[in-house]
Amino acid sequence: MYVRPAAAAAAAFLGFTLTLLGGTASSAATGNGPGSAPSPADRAALGGPVVYAHRGASAYAPENTLDAIDMAMRLGFEWVENDVQRTKDGELVVIHDDTLSRTTDVEEVFPDRAPWRVKDFTAAEIARLDAGSWFDEQFAGAGVPTLREYMERVGRNQQRLLLEIKKPELYPGIEQQTLNLLGELGWLDERHVTRRLVVQSFSAASVRIVHGLRPDLVTAFLGTPTVADLPKYAEFTDRINPWHTTISAEWVAAVHGLLGAHGRTMEVDTWIVDDAATARKVADMGVDGIITNAPDVVRAAVNGF
Ligand code: G3P
Ligand code: CA
């Protein structure tokens, strides 16, 4: 059972204190630098794991839209997660699937363009699509954001971003392009790199590229390497972010037993946990963060923040 009532009060106080200091009640800030995990004392004081709003608060608003990150903000969540891909004419956009069909009205607007791949449409064409109605009519007119639009909104909301480079094998050079845009928008200064941004991918090669281009950035590999393989990942990343069904307390401890690319204890942020029982289960395993479509449910279950 994951109950830390005293820790919740401490978390509220410490979060407030960190805010005053210009920091954050997050794992990236409670350690001593890039890639650092909270010390055990910090973790005990802060209570539960960090909660990340997956594709925004996507249980309550259409995933990967500006509405979804606004919803996360209204619910009180700083950390949001997204997925970045690229259009035919080279614009970075925020969308999960590599086709537009599930989350937009593309098949109505462009009926002759099957299989409706993101990379086969220009940014102007994608801008014509409705990415909200499929979820709920109240979100009709929500668009597929460009990464530029998305970052501006995250900044305006004073949120923090777990940015996923999605299917990088489809988009050669997307790592450099993404970093170029983040740099242009001021997201690669010391404050953002140490407190507000983590870059992750299912592609180890892509995470390696990001680490090579910007060694100061905190990165995460999405997956569940064997314990024997973990040291290889520790050479170029700070976190291992696994699907929750694939982990055990022993595996989490094995990750925590390693120093990552920045010489700090490696962390584990697990996904996608949307119910209280599973949230408590993975918190008891010792994960550092929980990535969820329903961040309010997880926060209530584990004293997360
Ligand atoms: O952040 C973890 C999670 O997003 C990985 O899965 O498919 O939702 O991108 P997916
Ligand atoms: Ca994702």
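Q158 is exposed in this predicted model, with a relative accessible area of 59%. The residue belongs to the loop between helix 7 (147-156) and strand 4 (160-165), and its phi is near 55°, a positive value in a residue other than glycine. Most residues other than glycine have a negative phi, and most peptide bonds are trans.

**Backbone features**

- N64 also has a positive phi, of about 60°, although N64 is not a glycine.
- The loop that holds N64 runs between strand 1 (50-53) and helix 4 (66-75).
- N64 counts as buried because its relative accessibility is 2%, a value under the 20% limit for that class.
- Between A114 and P115 the peptide bond is cis, with omega near 5°.
- P115 is placed in the loop that links helix 5 (106-109) and helix 6 (123-127).

**Helix 4**

- The buried residues in helix 4 include A68, I69, D70, M71 and A72.
- Strand 1, strand 2 (79-86) and helix 7 are the elements against which the buried residues of helix 4 pack.

- E81 counts as buried, as its relative accessibility is 2%.
- D83 counts as buried as well, at 0% relative accessibility.

**Ligand 1**

- The residues around ligand 1 are H54, R55, E81, D83, H96, E164, K166, Q200, F202, L222, W271 and I291.
- H54 has a polar side-chain atom 2.8 Å from an oxygen atom of ligand 1.
- In the side chain of H96, an N or O atom is 2.7 Å from an oxygen atom of ligand 1.
- For K166, an N or O atom of the side chain lies 2.8 Å from an oxygen atom of the ligand.
- Ligand 1 exposes 290 Å² when taken alone, and the protein buries 92% of that area.

Methods: Residues numbered from 1 in each chain as written. Chains lettered and ligands numbered in written order. Predicted model: local features only at pLDDT ≥ 70, side-chain atom pairs only at ≥ 80, totals over all residues. Heavy atoms only, no water. Helix = DSSP H or I, 4+ residues; strand = E, 2+ residues; numbered from the N terminus. Buried < 20%, exposed > 50% of the residue type's maximum accessible area, 1.4 Å probe, protein only. Contact = heavy atoms within 4.5 Å. Near = heavy atom within 4 Å. Polar contact = N/O pair within 3.5 Å; in protein donor to acceptor, adjacent residues only side chain to side chain. Areas by Shrake-Rupley, 256 points an atom, 1.4 Å probe, with all protein chains shown as cover.
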